[in-house]
Amino acid sequence: MGICYAEGRGVECDYVEAVKWWKKGANLGDSASQYNLGICYLDGDGVEKNVEEAVKWLTLASDQGYLDAHNALGACYYKIDDKPIAGYYFNEQIKTKDKTIYEYNNVGAEFFDEIYDNKSDYYIA
């Protein structure tokens with residue numbers, strides 16, 4: 001239901017209502033709901049912006065293997081200049097997708113460019 005309210009599918013777009021549904025799912029352990037709730041806290045959609053709360057929900061989703069949560073956490077940590085943790089989450093994402101970070105995330109690519117001279121150095125095969 002959260003995605004219906006967030007995207008206005010069959011109902012009027014309402015992020016406050018979307019957050020309500022995602023909280024229910026997130027509290028039941030649904031990784032997609034945890035991810036979406038984390039993104040809402042990160043962007044301030046339907047809730048007050050709260051990076052700590054965003055990281056909490058994104059971490060729960062990431063711990064269950066939700067790939068987009070790896071990416072979002074990497075971006076969060078990169079933006080607050082915690083590069084070792086950012087690198088961990090970006091690497092987790094590319095390991096599972098078997099592709100270079102360039103194909104998925106510009107922030108991740110920027111991160112790895114700072115570390116490696118040649119982007120083929122961090123290709124996970």
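Reply: Contact, or touching, means heavy atoms within 4.5 Å. This is a predicted model, where local features need pLDDT of at least 70, side-chain atom pairs count only at pLDDT 80 or more, and totals for chains, interfaces and linings use all residues. Residues are numbered from 1 along each chain as its sequence is written, and side-chain values use heavy atoms, with hydrogens and water left out.

Me: Which residues does Ala-72 touch, not counting those up to four places away in sequence?
Reply: Ala-72 sits in helix H5, residues 67–79 (helices are DSSP runs of H or I, at least four residues, numbered from the N terminus). Leu-58 is 14 residues off in sequence, yet 7.3 Å away in space, C-alpha to C-alpha. Leaving out those sequence neighbours, the residues touched are Tyr-35, Ile-39 and Leu-58.

Me: Is Ala-72 buried or exposed?
Reply: Buried means under 20% relative accessible area, exposed over 50%, and partly exposed in between, with a 1.4 Å probe and protein chains only. Ala-72 has a relative accessible area of 9%, so this residue is buried.

Me: Where is Gln-34 found, and is it buried or exposed?
Reply: Look at residues 31–43, which form helix H3, and you'll find Gln-34 there. Its relative accessibility is 4%, so Gln-34 counts as buried.

Terms used. Helix = DSSP H or I, 4+ residues; strand = E, 2+ residues; numbered from the N terminus.
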